[in-house]
Structure formats: structure tokens, C-alpha cells
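Subject: Structure handover

Hello,

Here is the structure I said I would pass on. My notes on it follow below.

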Amino acid sequence: MEKLRILYVASEINPFLQTTDVADYVRKLPQAMQERGAEIRILVPRFGLINERKNRLHEVVRLSGINITVGDEEKPLIIKVASIPNAKLQVYFIDNDDYFHRKSVFFDKENNFYDDNDERAIFFCKGVLETVKKLGWAPDVVHCNDWMTALIPLYLKTTYRNDPMFKDTKSVFTVHNNAFDYKFDADLHNKAKAMDVSDEALAHLRSNDFEGFVKIGCAYADAVLKADEHCSESLNQIFNNAPKRVELDEQDEKFSESYYNLYTDLMN
């Protein structure tokens, strides 16, 4: 049997950046799967808090140079790469001068939520899929984490469904308890548009908020997980309504086995 190919997508990963539990989750899981023989790729945004020199990031010129459409605008995509110390894991970073060079993640120094965080998420989701195409590496499973990655399961089922690189790819979406109160502008779902994506497909985004993103991820993923049993009531409700929700035994001794079995079951 060929090696299982798993792509992990998240807003952060240790040791490059940690602001929430996502960073630990996405550090532990890929290594556990690699130790079981899976082939792993990891993609995260290159937020300005990540010190390129200290972390030895360098640009991958052959992957850079694509333009990504967000609404009516096109933005250049820059790809960087670094290795996780003491692990045979490479992390690819999605970068763009307009979106990712601020010295903070989602909030400014006055703790105001950036009003273009929706565009940053859309750019990131589209950029991930275009980067994988350029890599020429067809993933069996794309495991998406938290709201910023939520459009990927939708794009895989629409824009990329006939792409040879993704035709057999399954997606997993993990809900994380990282809600924000901000409401985006009403043109959010126009910005998120892509080829073969109908207004109806983006209906959940009409709420223009965190829950809208999470609902999209839950609606289109082939398996939906929840990272924190202490989620808010509204998040628990969204998870419980997800048609493909999966409850995993994540006790330490079962952690690796549970996830590996989930991924392999999706391929059958």
C-alpha cells in the first residue's frame, strides 16, 4: 500500500507561532502520523510575528509568483519554507505583503479585529490549494483547522473537484474554540467566490461572522471533529448539526491510532 498523504492546514504551528491551542494540535498530530508512515505536508500563513531569520525561513521561488483572486483584486502569492527542529517535518508558509506583514495575527495593538481578516482567510485557503498544485503532490486527506481554513472543504468540492491533483482527496475539518464577535462586510460571500461556487454554496457565509465560516467547514468536509470538549454552546450546536461529525477517542494511548484509522477509513 502506498503511503497515506496528509496535508495539514492551520493558522499557526509550534514552534513558529502560538496564540491558541491550534498551534499544539497541529504540531503533535502530523508527527504522530509521520511516525505511522504517512507522508506529511503542513501549510500555515506567514504572519509578521514569525521571525524569518531565527526560524530559517526561505522563499521557494518555483512555488511563488501565482496571483490569487480575492473579490475583484488579485494578490501575489509568496511561498516560504522551514523545517521544524528535531523533526523531519517541513512547513510551508503562505505569504503576501498586504495581508501578512503586520506584527500581529488577527488583532491590532489596540485589540481591534482587522477588518480584512476575511480576505486574509480567503487568500490563504485559495493559496493553499494552488501551492499544492504547484508542488505536484496529491493529498489523500486535507485536514483543516479552525475558521481560517474553513473554505478549503468547499473549494475541494466545487472549484477543484475535477482537478487531477484533488479528484480523490477527502477533507477533515476540526472545530476549535476560537470565536470572535466581529461581523465582516456584506460583500464577504462575493470575495469568497471562485469557479463553480454558487451563491447557494456560500449561503452560510451570509451571517458574515465566525460561525458562518465554521458552518461552511462543517457542511463540506468529509469528516468533522471538535478539538475542545468545552466549546461554547453555539459551537457545540454547529458541531452536533454537522452531517459528517466524528467523535474520536483522543486519550493519549489511543490518540495516534484514532486519527490514523479515521484517515484510512475516509480513503475506503
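R46 is a place to begin: at 6% relative accessibility, this residue counts as buried. Please keep in mind that the model is predicted.

Salt bridges

The side chain of R46 meets that of E52 in a salt bridge, with 3.1 Å from N to O. E52 is partly exposed, since its relative accessibility is 25%. R46 also pairs with D95, here at 3.4 Å from N to O. D95 belongs to strand β6 (residues 90-95), while R46 sits in the loop between β2 (39-45) and α2 (52-55), so this bridge ties together parts that are 49 residues apart in sequence. Both D95 and R46 are buried.

A further salt bridge joins K157 and D222, whose closest N and O atoms are 2.8 Å apart. This pair, too, links distant parts of the chain: K157 is in helix α5 (residues 151-157) and D222 in the loop between α7 and β9, 65 residues apart. K157 counts as partly exposed, at 36% relative accessibility, whereas D222 counts as buried, at 15%. Returning to R46, salt bridges with shared partners join R46, E52, K80 and D95 into one network. The count for the structure comes to 18 salt bridges.

Nonpolar core

The largest nonpolar core has 100 residues, and the members that touch the most others are M33, I42, W147, L151, Y155 and Y263. Helix α4 (residues 117-135) gives the most to this core, with nine residues. Leaving out residues up to four places away in sequence, Y155 touches I122, C125, K126, L129, Y160, R161, A192, A194 and V197.

Cysteines

How many disulfides does a search of the whole structure find? The search finds zero. For C125, the reason is distance: the closest cysteine sulfur, in C144, is 7.1 Å from the sulfur of C125, which is too far for a bond. C125 is buried, with a relative accessible area of 0%. C231 is in no disulfide either, as the nearest cysteine sulfur, that of C218, is 10 Å away. C231 is buried as well, with a relative accessible area of 8%.

Helix α8

Helix α8 covers residues 233-241, and its buried residues are L235, N236, I238 and F239. Why do these residues line one face of the helix? Seen down the axis of α8, the buried residues fall within an arc of 160 degrees, so they line one face. On the face turned away from that buried side are the exposed residues E233 and N241. The cover over the buried residues of α8 includes β8 (170-175), α7 (210-220) and β9 (223-226).

Annotation

The unreviewed UniProt entry carries the annotation "domain: Starch synthase catalytic", which it places on residues 5-229. In the model, that span is 28% helix and 23% strand, and its end C-alpha atoms lie 28 Å apart.

Regards

Technical notes: Residues are numbered from 1 along each chain as its sequence is written. This is a predicted model: local features need pLDDT of at least 70, side-chain atom pairs count only at pLDDT 80 or more; totals for chains, interfaces and linings use all residues. Side-chain values use heavy atoms; hydrogens and water are left out. UniProt positions are given in the numbering used here, feature names are shortened, and annotations may be inferred rather than shown by experiment. Helices (H or I, at least four residues) and strands (E, at least two) are DSSP runs, numbered from the N terminus. A disulfide is a pair of cysteine sulfur atoms within 2.5 Å. Buried means under 20% relative accessible area, exposed over 50%, partly exposed in between (1.4 Å probe, protein chains only). A nonpolar core is a set of buried Ala, Val, Leu, Ile, Met, Phe, Trp, Tyr and Cys residues joined through side-chain atoms within 4.5 Å. Contact means heavy atoms within 4.5 Å. The arc is that of the directions from the helix axis to the C-beta atoms. A salt bridge is a side-chain nitrogen of Lys or Arg within 4 Å of a carboxyl oxygen of Asp or Glu.
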